[in-house]
Amino acid sequence: MTRPAYLRIADELRKQIVEGRLVPGDRVPSRYKLAGLHGVSDRVAVEAVRLLVSEGYVVSRSGSGTYVRRRPPVRRLTSGWYRANGRAGSPFRADMEAQGHAGTWLAVSETGTASPEVADRLRIRTGEPVMVTRYTFLAGDQRVMLSTSWEPLDLTRDTPVMKPEEGPYAGAGVVARMRAIGRDVAHATEVVTARTVLAEEAERLHAPMGSIVMVIRRTYTADRPVETADIVVPADRYELSYTVPVE
């Protein structure tokens with residue numbers, strides 16, 4: 001099946017941007033020029049450009065034209081960002097400081113119930129009570145990452161670590177908090193996928209609709225899963241770096 005013309009035009013422009021033939025700040029050919037180059041109507045050319053706008057590759061300026069979007073600096077998210085490194089600094093903050101940025105976050109916790117997926121990851125029953133914490137991570141004043149975590153309340157209820165960002169262990173990280181209640185985390189499992197950003201995520205991250213995010217599904221396990229989280233990372237702001245020991 002022949003692909004629609006607007007998709008073929010968008011593919012060509014996208015490739016030029018990815019390969020660096022069109023760089024941030026460059027003006028994209030006008031719809032009239034695109035129409036002439038590809039032998040299509042103005043309407044088809046407009047649809048191609050609109051698609052790239054929705055994906056966050058370009059921005060339109062009224063009365064001026066369409067330009068390749070200037071993207072924020074790409075930062076590296078290392079596999080050690082969740083390491084237990086003591087209360088003096090959170091894992092995220094330590095990783096940001098190592099890259100020359102001030103790392104902070106906003107967080108809201110509330111009780112909820114486990115969805116079928118969360119229940120499966122925590123090995124509890126669907127509908128069991130969990131503590132849900134929603135994070136917005138910042139590097140300086142830029143929102144760079146989101147996370148939603150779930151912890152089984154049958155494990156943390158009425159303990160000093162019940163709310164991750166309150167009490168004596170606020171911000172200490174999952175490993176340190178669980179150790180405080182006698183649970184030694186043995187390993188963390190991560191599954192990395194990618195998808196388009198959701199509307200609520202786009203609003204919180206100040207990201208364009210249609211842009212791509214990586215989703216890290218991470219679960220900490222001691223003698224049982226103690227926390228699972230969905231970490232949402234804009235693909236244009238971060239690259240993931242993993243070091244795997246070879247035995």
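Let's start with two helices, H1 and H3. Helix H1 covers residues 5-18, helix H3 covers residues 42-55, and they pack at an angle of about 50° with their axes 8 Å apart. Helices here are DSSP runs of H or I with at least four residues, strands are runs of E with at least two, and both are numbered from the N terminus. The axes are lines fitted to C-alpha atoms, for helices over the stretch in contact, and angles run from 0 to 180 degrees between N-to-C directions.

A word on the source. This is a predicted model, where local features need pLDDT of at least 70 and side-chain atom pairs count only at pLDDT 80 or more, while totals for chains, interfaces and linings use all residues. Residues are numbered from 1 along each chain as its sequence is written, and side-chain values use heavy atoms, with hydrogens and water left out.

Back to the pair. H1 and H3 are therefore oblique to each other; angles under 35 degrees count as roughly parallel, over 145 as roughly antiparallel, 65 to 115 as roughly perpendicular, and the rest as oblique. Who makes the contact, meaning heavy atoms within 4.5 Å? From H1, the residues are Ala 5, Tyr 6, Leu 7, Ile 9, Ala 10, Leu 13 and Arg 14. From H3, they are Val 44, Glu 47, Ala 48, Leu 51, Leu 52 and Glu 55.

Next, Thr 66. It sits in strand S2, residues 65-68. Is Thr 66 buried or exposed? Its relative accessibility is 14%, so Thr 66 counts as buried. Buried means under 20% relative accessible area, exposed over 50%, and partly exposed in between, with a 1.4 Å probe and protein chains only. The Thr 66 side chain makes a polar contact of 3.2 Å with the side chain of Ser 60. A polar contact is a pair of N or O atoms within 3.5 Å; within protein, one must be able to donate a hydrogen and the other to accept it, and residues adjacent in sequence count only if both atoms are side-chain atoms.

Thr 136 lies in strand S5, residues 129-139. Thr 136 counts as buried because its relative accessibility is 7%. Its side chain has a polar contact of 3.1 Å with that of Arg 204.

Last, the whole chain. There are eight helices and ten strands. Of the 247 residues, 42% are buried.

Definitions and conventions: Contact = heavy atoms within 4.5 Å.
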